[in-house]
Amino acid sequence: MSKRARAVRWGVPVAAVAVVAAAVGTGPVIAAVQGDPSLPDRTAQQLLADMAGSWSSRKVPAMSGTVVETASLGLPALPGLSGGGASALSLLSGSHQLKVWYGDEDRVRLMLPGEMSETDLIVNGGQMWLWDSAANTATHFTGHPGAATGSPVPLPSAASPLPTALTPQHAAQEALRAAGGDTRITVADDVTVAGRAAYQVVLTPKTATSLVRDVRVAIDGETLIPLRVQVYAKGAAEPAFEVGFDSVTFSAPAPENFTFTPPAGAKVEEGRAPAAAGHEAGKVRDAADGTRIAGSGWDSVLVTSLPATDAKGGSGASAANGASGNGASGNGASANGASANGANPANLLDTALRSATRVSGPWGSGRLLRTKLLSVLLTDDGRLVAGAVTPEALYQAAGAAR
Amino acid sequence: MSARETLTEETVMRVADDAANRTEQNAATRAADDTSGSGRSRRNTATAVHTAVHTAAHPAAHTARLLASEIGLTFRRPRNLAMLGVLAAVPVLIGVAVRIASRGDGGSLIGQVAGNGLVLTFAAFLVMLPLVLPLAVAVVAGDAVAGEAGQGTLRYLLVAPAGRTRLLAVKYADVVVFCLAACALVALSALAVGVALFPVGPVTLLSGTTVSAAEGLVRVGLVALYSAAGMAALGAVALAVSTLTEAAIGAVAASVVLVVVSQVLGAIPQIAVVRPFLLTSWWSSFDGLLRDPMATDEMGRGLLAFLAYIVIFGSIAWSRFTSKDITA
């Protein structure tokens, strides 16, 4: 066989690779060719008003879809955080998938698939089930969590291992709530999210101490449902935290998604109805054990005493509440994760401390843990100061809290 | 046992200078086997050989006979039968182990086996998909071309007017049949053991939904088919490697090393971006069948990934096999 014929034959696998690569890359290429979608112009105020209108009337259409959450918070490598487990702590690093079925505000199902495991949250009327296949445990809650939190998507706030900031609706609401006078709100170029044309609202903190460069919320041009929230840290090209729809369909999901009967042999527990979490942002909150929020808006700093032995007790839960009122969705997710029952928070803290650097100043001394989006200061006198701010702001808060 | 195998065993005892004669005998027997079909009488063998060598009147029928002959050889080789025996034995081991150590904690998939024998099939695939099944497939596919080349029979196979492309297609079809058979065997063995040792009833899916035993059986079948598709993709890779060498053991080892390395790569969180491009990371997606509703999107992507591997490595095998000099 001639050299030429041989070369021609080897052209076939090259072509096969090219075809496969093209098929893999088709989505981005088509998006690039089509360019940004163009929607009728709306100012930021108009958008916010329209959204507020659609939220207050609670006309969230029935839908189902896949939400992808990606966190690259720059956390130190923590054991047990990798992989696709259903533990809420695992949401703090890597990319995770969540499936959402939304019938109406009384019928919601969230599914967190893990490898050979699954965590489900099913809300149907006044009944709520939390199913953990790995633990073979179904937890039953009664009450109406949706009404309690006042959110369009009735999510539990503290009792669930699924962080509250997981759906775009909720994350966007949290981000927008935090926007007061300290935020510049602009509308950027329209984007395509989950194949739908979307407005993009950019929230930029005005304060210099915040680690957040901006928060970008993509809002569906048709339904005004937030489709994606991205939190960019200063000096990073990729979002530090992102949660958004990968695919979404606006049609009523099959009703069997919202029914749940504990399978035979499963452990059935009766859960405490999730306490209504206050969402007043920036308010200085005094809790029984000394947990409070210093500063307001983007500069909010959580000051608490270190969870000594009972990390899952009152201090953990109130830390979660405090941070979910803090605004930045990254904070909400991480603080909620820390109080979740997925992994042992004490072990996690120990591991994290090993990568912390020693710092000292007029405020005292302690250890500082820095990530892209979050600074955590553990003072030697047993306090924990954390926020999406520069370490200097933490020192100030630690000094003021003496 | 085939005439070819018998001949090979006979000739093992012969002296080395008989080697040329032996390979000719092999090829002649192969052609005869190929044209007369395994079930037919060998009365008209001579005519059949003549037909096979000098005409290609019915290519489709010829291909079918060639395939039947290849499948017959694959499933009569003692080595392959031993591997299939191991594949059938692993679910038995799992079942017996769970039966002995039965606590019924119900948590993990293997823990659920004690409560429902049908779950044993899912547990068996969970345990065997990472290494045991791929090893068996790699042995058969890695041996497909390199084994013939190493034995010196490849040259004589190509004497028949089948053509290299058709021979390669037949070899790959044989590998696919073996993948299907291996996965079916695992499922059936696990079912038999599960039914024998444990109670059988409605199956609890990962979503907490309970489906009837009949639907559970359907899902078992789908898991076996999905796994077979994943193994067929590995078969294409191993076949491509097999065309690159004349040492069958090298092709087998290279394929197994590829499987292990890609699993290691898939387990490193820092390079999680490569995960969707690895063949091995899609194998475990059969858990989508255990959800309610079935995660068809995820498994559809898995099947597309398998198809991409088959296309790429199949074309590599074709380019190499149709252009290489057959020296042995």
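Reader: Hi! How many salt bridges does a search of the whole structure find?
Author: Hello! Over all chains the search finds 18 salt bridges, a salt bridge being a side-chain nitrogen of Lys or Arg within 4 Å of a carboxyl oxygen of Asp or Glu. Bear in mind that this is a predicted model, where local features need pLDDT of at least 70, side-chain atom pairs count only at pLDDT 80 or more, and totals for chains, interfaces and linings use all residues. Residues are numbered from 1 along each chain as its sequence is written, chains are lettered from A and ligands numbered from 1 in the order in which they are written, and side-chain values use heavy atoms, with hydrogens and water left out.

Reader: Nice. Which residue forms a salt bridge with A:Arg196?
Author: That is A:Asp220, with the closest N and O atoms 2.9 Å apart. A:Arg196 lies in strand S8 (residues 196-205) of chain A and A:Asp220 in strand S9 (residues 212-220) of chain A, so the pair ties together parts that are 24 residues apart in sequence. Helices (H or I, at least four residues) and strands (E, at least two) are DSSP runs, numbered from the N terminus.

Reader: And how many salt bridges are there across the interface of chain A and chain B?
Author: The rule finds two. In one of them, B:Arg291 pairs with A:Glu118, and their closest N and O atoms are 2.8 Å apart.

Reader: What area is buried between the two chains?
Author: About 2500 Å², of which carbon and sulfur atoms give 58%; buried area is the accessible area (1.4 Å probe) that two parts lose on being put together, summed over both. In chain A, A:Arg9, A:Trp10 and A:Met116 lose the most area to chain B, together 26% of what that side buries. The contact takes 33 residues from chain A and 36 residues from chain B, with contact meaning heavy atoms within 4.5 Å.

Reader: Which element gives the largest share of chain A's side?
Author: Helix H1 (3-34) of chain A is one of the elements that give two or more residues there, and H1(A) provides the largest share, nine residues.

Reader: Switching topic: in what order do the six strands of the open sheet run?
Author: The order is S13-S14-S18-S17-S16-S15 in chain A, with antiparallel pairing; two strands pair if DSSP finds at least two bridges between them. At the edges are strand S13 (292-294) and strand S15 (357-361) of chain A, each pairing on one side only. Further in, strand S14 (residues 301-305) and strand S18 (residues 383-387) of chain A pair over five bridges, and A:Val301 stands opposite A:Gly387.
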